[in-house]
Amino acid sequence: MSLSDTGCFGDELMAFVITCLFCGAISRDELNVWCAQALSLDNAPVFLYDLMDFHDEIFKIYQVIGYVPHWEHTEDDEYALYGIAVRRGFEPYDMPLTPDKALAYLEATPDVERLFGQVFDFIKL
């Protein structure tokens, strides 16, 4: 897993944020807050203004962005994001594993939790 510079906007950072949304690790309201904060990042795109007020179905986020960004990650990383959702008390829709397994993946993948904390510094785990 990369994403070493969370102080500069990039496709991989946006893809990580969207993956967090799809896995239920963040809410739409938290996405809105992140977008408002991300406007201060280097190379921040204009579509962040639209995402600050995004309340549509989450699959429509790509229509706002205009493309599908890519985060290079493993399935274990994604399962760890489900673990963050579970730890936060969320119940992700159609989660592909049990809550206990999601938490186990989170414990086995501390880099995901660390990255989540850097990207969403306003969320306490």
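Guide: H1 passes H5 in a right-handed crossing, meaning the near helix is turned clockwise from the far one by less than a right angle. This is a predicted model, where local features need pLDDT of at least 70 and side-chain atom pairs count only at 80 or more, while totals for chains, interfaces and linings use all residues. Residues are numbered from 1 along each chain as its sequence is written, and side-chain values use heavy atoms, leaving out hydrogens and water.

H1 covers residues 11-22 and H5 residues 75-87; they pack at about 55°, with axes 9 Å apart. Axes here are lines fitted to C-alpha atoms over the stretch in contact, and angles run from 0 to 180 degrees between N-to-C directions. Helices are DSSP runs of H or I with at least four residues, numbered from the N terminus.

On the H1 side, the contact (heavy atoms within 4.5 Å) is made by Phe16, Thr19, Cys20 and Phe22, and on the H5 side by Glu78, Leu81 and Tyr82. Thr19 is worth a zoom: it touches Trp71, Glu78 and Leu81, skipping residues up to four places away in sequence. Thr19 is also buried, at 14% relative accessible area (buried is under 20%, with a 1.4 Å probe and protein chains only).

As for H5, its buried residues include Leu81 and Tyr82, and their cover includes H1, H6 (99-108) and H7 (110-119). Just after H5, Gly89 takes a positive phi of about 90°.

Note on methods
Helices (H or I, at least four residues) and strands (E, at least two) are DSSP runs, numbered from the N terminus. Buried means under 20% relative accessible area, exposed over 50%, partly exposed in between (1.4 Å probe, protein chains only).
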